[in-house]
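Colleague: I have not looked at this one before. Can you walk me through a few details?

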Amino acid sequence: MEPVPTGQDPRSALDRQALRALLDAQRDRIGVYARTRPSRPHAPADPSADPPPPVPAPVQELLDAFPAAALLVAPLLGADGRITDFLYLTQNTRAVAYSRTHVPAASVSHWSGPVRLFDRFPVLEDTGLPRMLADAHHERAPQGPEIVEWFIPRAEGPPARLSNDVVVAPCGDHLLVTWEPGHRVRMAVAAQKLVRTCWAEWNVADGTVAPSLGFGHVLGLAPGVPVPADLLALADLAVPASLPELYRLLYDVFLRKRRSECALRLKGGYERVIRVVAEPARPRGGPVWAVRAVLVDITDDTRRRALAEAAGTEARRQRARAEALAEVADSLREAVLPRSPGGLASSGIDTAVVYRPDSTGSGVGGDWYKARKLPDGRLLLALGDARGHGLDAVTLMAKLRYALAGLVYTDAPVEQLTHWLNDMACDDGVESTATAVIARYHPERGLLRWTCAGHPLPVLLRDGRATLLPAPPGGPGLTLGVLPDQPYSASETPLAEDDVVLLYSDGLIERRATDPDEDTTRLLDAAGDLLRTRPALRDHAGLQAYADALVARLDGPHRSDDVTLLALRHTTHRPSPETDEPETDEPDTDEPDTDEPGTDEPETGR
């Protein structure tokens, strides 16, 4: 393994070593291929056969003047006139120079005169050269150019690969083999195919075209189909809707004598889009004689752009829909929830509320609460969380809250109220689930009776400590809307003077990938710590300040839900018949649930 250079990233060094190992393995495969290629045995030369006459000096001089590498080959014929082999007679100076440059030293014996062609270069027999030689001899017509790829084995190391454009032409009784390196032509064609680009020059005067080798491929023409011979033939390939663009391009080139470009859509089952960039070709001061153009297949780019634009349009539509739903949900929430939770102090309970919307922007949530004085002097106190976000959650929240506001007038215990709410949620659909704590406060006894339906348990602040209230007998009840006809039990919590009960939604404590017990512990620690640093909870302002501080302490970037906190402080006030007349059975209009002045702050945490 190579040592890692000083200062180089170890990962980069390992990647480079992997690349080197891959290349070395591929070279080994090539070497195995070259060594195992079979060679055909050839009949030994007939010793009685007359040696071929030497190549005349004028012929050799003519070969040496030829501008390409060339070999002179003579076909060897059998008694039946068929070709049995080919004799390599001579070569020109360019062929000798090519051999010195491309053929490994000592891999081919020194030239000493005529020799069988495939004895000197055995691997050439597996290429198309034998066929080209035979066809040129029999048909008396040039063959090629045709790409011939072959290799020459080395005594040590990998073989040398050769690739040429070969032409074989009859030359009297002999055959002239000429070649030039073929990679330039092949690379030009490959490059045009890889990047789907071609070029052409249309001569307007004689109506001819000089295209690049990849012209037909870029236009999607089938093999053998001639390329457009003139500009009108090019127009015939385009759909009618593209013709005005082509006319504009030619107008710019011919009359304005300037560069221009356009996009053409071509006919066919697979509609291609071709970008044409053209410029004029003309003599100094003369008219435009020709149009030079580069054509690029932009079909895939056009389709990707169209898909991206469609996706962007759909995203904007969905965003507008989500914003509209959020606006409706927000308006509905503002219309449904009371503007103030105050007005209960005359019955022995002071209240403060904090609401924070979802920080992730996923929509208005389903948090709701209810704090209302009932005609018999008792108080309804409830807080819930409908499943999900957006309009559906707000709709369910509104149903539950209005249902509770009506059912509470039946004077049924909180256990029965919770049971009815659960049945209503079950009837609403499989997605209509919610959690809730539903409580009724009895001021004459200072008693809070409450049920829990899958909701976080309330927290009691007493004597400087924060503790969870014990769950109702049998544990918290099932979440609303899961199973119908479920029983719920109530817990009774006597409240002492200045006791504070915290009802809250799970968004206050739950965080992604955290343990519920850790979430509860974090709440109790924060509530207790703030209670020690903010002991002045004996008025409404102090209670509200404490609620605001607690939510601020627990809030953060990892919160993924909206937050509602309803803080209830037990005061020393007790109702009396002279001062607290029972409310009449007015419908719940969700006006401020209080008749006291100075308590109509907005209920969402301000």
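Modeller: This is a predicted model, and we can go through a strand pair and then some salt bridges.

Colleague: How do β7 and β8 pair, and over how many bridges?
Modeller: They pair in the antiparallel sense, over four bridges. Strand β7 covers residues 197-203 and strand β8 covers residues 208-211.

Colleague: Which residue of β8 stands opposite W202?
Modeller: That is V209.

Colleague: What about the hairpin, how many residues lie between the strands?
Modeller: Four, and G207 takes a positive phi near 70° in this hairpin.

Colleague: Salt bridges next. How many does a search of the whole structure find?
Modeller: The search finds 26. One of them joins E261 and R275, with the closest N and O atoms 3.0 Å apart. This pair links distant parts of the chain, since E261 is in strand β9 (residues 260-265) and R275 is in strand β10 (residues 273-281), 14 residues apart.

Colleague: Is R378 buried or exposed?
Modeller: R378 counts as buried because its relative accessible area is 15%, under the 20% cut-off. D376 is partly exposed, at 42%.

Key:
Residues numbered from 1 in each chain as written. Predicted model: local features only at pLDDT ≥ 70, side-chain atom pairs only at ≥ 80, totals over all residues. Heavy atoms only, no water. Pairing = 2+ DSSP bridges. Helix = DSSP H or I, 4+ residues; strand = E, 2+ residues; numbered from the N terminus. Salt bridge = Lys/Arg side-chain N within 4 Å of Asp/Glu carboxyl O. Buried < 20%, exposed > 50% of the residue type's maximum accessible area, 1.4 Å probe, protein only.
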